[in-house]
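Please open the model in a viewer and keep the selection panel at hand. The stops below are to be taken in order.

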Amino acid sequence: MSAHMNLTLKVWRQKNDKSKGQFVTVQANDIADDMSFLEMLDIVNDELTRKGEDPIYFDHDCREGICGMCSLVINGRPHGPKYGITTCQLHMRSFHDGQTIVIEPWRAAAFPVLKDLAVDRTSFDRIQQAGGYTNVNTGGAQDANNILIPKRIADEAFESATCIGCGACVAACKNASAMLFVSAKISQFALLPQGQTERYERAQAMVDQMDAEGFGNCTNTGACEAECPKGIKLTNIARMNREYLGAKLFREEDIHG
Amino acid sequence: MLDSKVPAGPLAQKWSKHKFEMKLVNPANKRKFTIIVVGTGLAGASAAASLAELGYNVKTFCYQDSPRRAHSIAAQGGINAAKDYQNDGDSVFRLFYDTIKGGDYRAREANVYRLAEVSTNIIDQCVAQGVPFAREYGGLLDNRSFGGAQVSRTFYARGQTGQQLLLGAYSALNRQIHKGKVKSYTRHEMLDLVKIDGQARGIVTRDLVTGKIESHEGHAVLLCTGGYGNVFFLSTNAMGCNVTAAWRAHKRGALFANPCYTQIHPTCIPVTGDHQSKLTLMSESLRNDGRVWVPRTVELAQKLQKGELKAVDIKEEDRDYFLERKYPSFGNLVPRDVASRNAKEAVDEGRGVGKTGVAVFLDFAEAIGRLGEDTVREKYGNLFDMYYQITDENPYKQPMRIYPAVHYTMGGVWVDYNLMTTVPGLYALGECNFSDHGANRLGASALMQGLSDGYFVIPYTVGDYLANLGSFAPVDKNHPAFEETRKEVETRINALLALNGTKTVDDLHKELGLIMWEYCGMARTAEGLTKAKGLIQNLKKEFWSNAKVLGENEELNMSLEKAGRVADFIELGELMVDDALNRRESCGGHFRLESQTEEGEALRIDEEFTYVSAWEFKGENQPEVLHKEELVFENVKLTQRSYK
């Protein structure tokens with residue numbers, strides 16, 4: 001049988017990106033342990049709504065851990081106390097009756113708060129726009145099986161490609177570095193034959209954009225890897241540094257001959 | 001009046017012939033046209049990227065904070081393509097045939113054939129983009145059989161195929177955003193369609209952050225806004241999935257086709273309580289190795305429900321593997337609608353399992369015995385983990401509990417062969433349209449259709465429309481139609497914000513969901529549907545008199561966002577019921593209890609219902625008018641589906 005609990009929430013409330021925010025205490029009562037964390041917030045919001053008070057705004061969409069939209073720092077940990085899952089996959093059985101839960105948005109200069117717990121992550125999109133693709137138009141692609149890719153390489157590229165772009169790595173980092181996120185995409189293409197043609201330009205362009213967005217530097221603490229819900233490895237950052245160094249070492253004509 | 005514009009000629013040559021016959025837009029003139037793409041899932045992102053590559057100016061809109069988060073991302077299983085890499089007898093015609101048959105002969109032949117035809121190009125395109133599909137040790141692409149197909153034609157990327165395909169399309173879109181050919185508007189919602197002289201010429205949007213109501217002009221508008229499964233409140237759709245863009249277009253003249261065709265997916269995690277916000281699907285690839293069963297008797301089921309017995313306590317002879325028993329040749333791999341209906345039947349007989357009794361078992365014990373736990377983990381590990389996270393039960397040790405949930409909607413905006421709706425210049429792509437899956441969609445075909453429409457169909461057909469406009473002039477943004485439509489949108493928002501009753505929008509949405517699930521779900525009757533119509537009409541009145549909508553327009557306001565969407569869902573719900581009532585046959589996902597074979601299978605009535613129902617909006621609170629597109633089958637013979 002499911003157990004029920006009463007919780008004290010300390011939630012970050014902020015009207016919009018121009019106003020100052022603050023922690024507000026809210027009670028969450030009679031919460032079943034088989035609810036998801038976001039369903040617990042739904043219930044709190046339902047009560048606020050019935051009282052005519054503004055519900056707590058938080059980002060979420062698929063609620064199955066794949067869209068990357070949900071983004072809460074729960075008791076100091078991005079996506080909460082469990083490893084390898086997003087906020088929407090967290091269930092209340094990870095908490096106990098009487099507990100106080102502090103809920104904050106991602107904190108980073110490059111992720112300004114829009115309202116309450118929702119932040120603006122368009123900086124991530126702009127980094128992808130700078131080079132996170134292969135330059136191929138629709139049509140005219142060769143037969144898919146003409147490109148042989150060893151399973152080991154394909155699997156490794158897949159591991160990097162599973163990044164959901166949630167930003168937990170940035171939220172976890174004391175420098176608000178986005179290197180895990182950026183390196184995952186750079187790695188995917190650096191590993192695959194399809195990505196070779198522009199591997200150095202890609203690394204250069206994406207890193208430059210990352211810097212321009214105001215993300216911090218990497219000091220190898222590994223918090224990003226620990227908090228990543230998809231298990232993106234730090235080795236991606238090492239590969240990115242290699243790619244970036246390559247871009248600096250080789251002149252254009254050396255790359256293209 | 002409904003002209004499907006299917007080209008003449010033999011099936012296999014229709015598309016190439018049509019491609020040649022369509023007009024082209026000179027490369028230098030393409031930049032004079034602007035195309036609006038609403039929704040950035042597989043259909044929207046692939047269309048926007050491909051059109052921008054051709055030289056058109058494109059504007060994309062999505063309600064999420066990034067195009068990458070569209071719900072295509074959640075598709076797990078795979079994408080079909082008639083590559084025949086496995087040398088197992090697949091072909092374009094076989095994929096076409098399977099899709100037509102799977103759709104229970106309620107889809108348009110020519111569209112489905114084209115889908116099968118371009119399916120092979122999709123895989124080539126995605127691989128060129130760097131989509132990391134699963135591979136064999138020799139470096140070739142791996143395939144699997146999916147959803148009961150007799151051939152292995154499904155390409156996949158572990159259990160995250162939708163994610164990888166969407167990120168591929170998103171990367172192509174990003175490339176065009178970087179080049180300045182696409183302007184991307186995120187956290188924007190389309191709230192209306194702007195028509196000038198009967199043609200689609202723009203949209204009105206709300207900036208979800210600032211509340212600003214804006215008009216955007218374009219020479220064509222592409223709706224790529226997905227399905228309407230959230231009309232049931234509980235579904236496997238993302239929380240934000242909604243019908244508003246499509247419904248607003250419907251009210252501006254786009255016919256809505258086959259709204260009653262909804263797909264209920266058999267392998268979802270069952271509902272646990274009233275607090276439930278959504279349902280989680282687990283890929284039906286699980287049915288490749290999992291065996292579906294319930295206890296033979298109600299007494300045993302009750303003991304399981306009360307927790308007096310565990311699944312492992314039930315002896316083999318007391319288990320009813322009902323799919324294997326009833327369908328010996330397809331077994332657990334029968335199509336989704338058949339599997340779902342049989343689960344419902346077992347539950348209705350009182351033989352359901354779990355605390356609520358509304359679930360059946362999906363058991364891997366036999367597979368673990370045959371393959372070993374490690375192999376099963378390799379194949380399904382992420383799904384087993386997901387199940388464990390949600391239920392706190394270990395599926396390696398005890399059977400999963402599953403129950404059907406609303407997953408996909410085959411119905412949608414009516415389109416012709418060119419994917420154009422009945423409003424000139426307005427197109428619908430992907431799940432948003434009705435065109436390819438008939439009354440039931442096969443597994444791994446949704447991704448195929450989204451990308452087919454976006455990469456390989458619309459770039460040709462929209463060009464034909466633009467070339468025939470006879471003018472390269474920009475759309476007049478000062479035309480009064482923009483101001484009028486914007487005012488109507490503002491009036492509606494103000495009406496929503498003025499609601500200060502006692503029920504939350506979620507309360508009303510849940511009520512709608514219960515009505516739909518009960519009377520317009522897996523089994524439908526004339527009596528139930530008639531009752532549902534009355535209930536929905538009352539609900540609509542209650543919404544507009546007793547809903548509670550908080551806050552103001554000029555802010556991130558989830559209360560307002562939801563209210564607008566639910567108001568549209570209520571209206572759609574009534575149309576779904578009308579459509580289900582009209583279709584007195586059973587077909588695919590639409591099961592009318594009055595129309596079944598002696599063995600309890602769906603019984604089509606081909607003489608009367610071999611048509612697409614396309615509904616025309618006639619004004620607020622007026623009955624919609626039914627138009628019929630007769631379906632003509634020249635290449636397949638209509639048979640009663642049998643999976644025995």
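Two residues are in contact if their C-beta atoms, placed from the backbone, lie within 7 Å. The model is a predicted one.

**First stop: helix α16 of chain B.** Select residues 526-546 of chain B, the 21 residues of helix α16. From first C-alpha to last, the helix reaches 29 Å, close to the 30 Å expected at 1.5 Å a residue. Next, highlight Leu529(B), Ala532(B), Leu535(B), Ile536(B), Leu539(B) and Phe543(B), which are buried. These residues lie on the same side of α16(B) because they cover an arc of only 120° around the axis. Among the elements that cover them are α15 (505-519), β19 (547-548) and α17 (558-582) of chain B. Now turn to the face directed away from the buried side: Glu527(B), Gly534(B), Asn538(B), Lys541(B) and Ser545(B) are exposed there.

**Second stop: Met239(B).** Select Met239(B) in the loop between β9 (220-223) and α7 (244-251) of chain B. Is this residue buried or exposed? Met239(B) is buried, because 21 other C-beta atoms lie within 10 Å. Beyond its neighbours within four places in sequence, Met239(B) is in contact with His60(A), Asp61(A) and Arg63(A), as well as with Ser277(B) and Lys278(B).

Colour domain 1 (4-115) and domain 2 (122-256) of chain A, as given by the domain assignment. Their centres, taken over C-alpha atoms, are separated by 30 Å. Domain 1 of chain A brings 18 residues to the contact and domain 2 of chain A brings 16 residues. On the domain 1 side, the residues divide into ten nonpolar, six polar and two charged.

Conventions:
Residues numbered from 1 in each chain as written. Chains lettered and ligands numbered in written order. Predicted model: local features only at pLDDT ≥ 70, side-chain atom pairs only at ≥ 80, totals over all residues. Helix = DSSP H or I, 4+ residues; strand = E, 2+ residues; numbered from the N terminus. Expected span 1.5 Å × (residues − 1). Buried ≥ 20, exposed ≤ 12 C-beta atoms within 10 Å, placed from the backbone. Arc of directions from axis to C-beta. Domains from an automatic or database assignment. Nonpolar A, V, L, I, M, F, W, Y, C, P; charged D, E, K, R; others polar.
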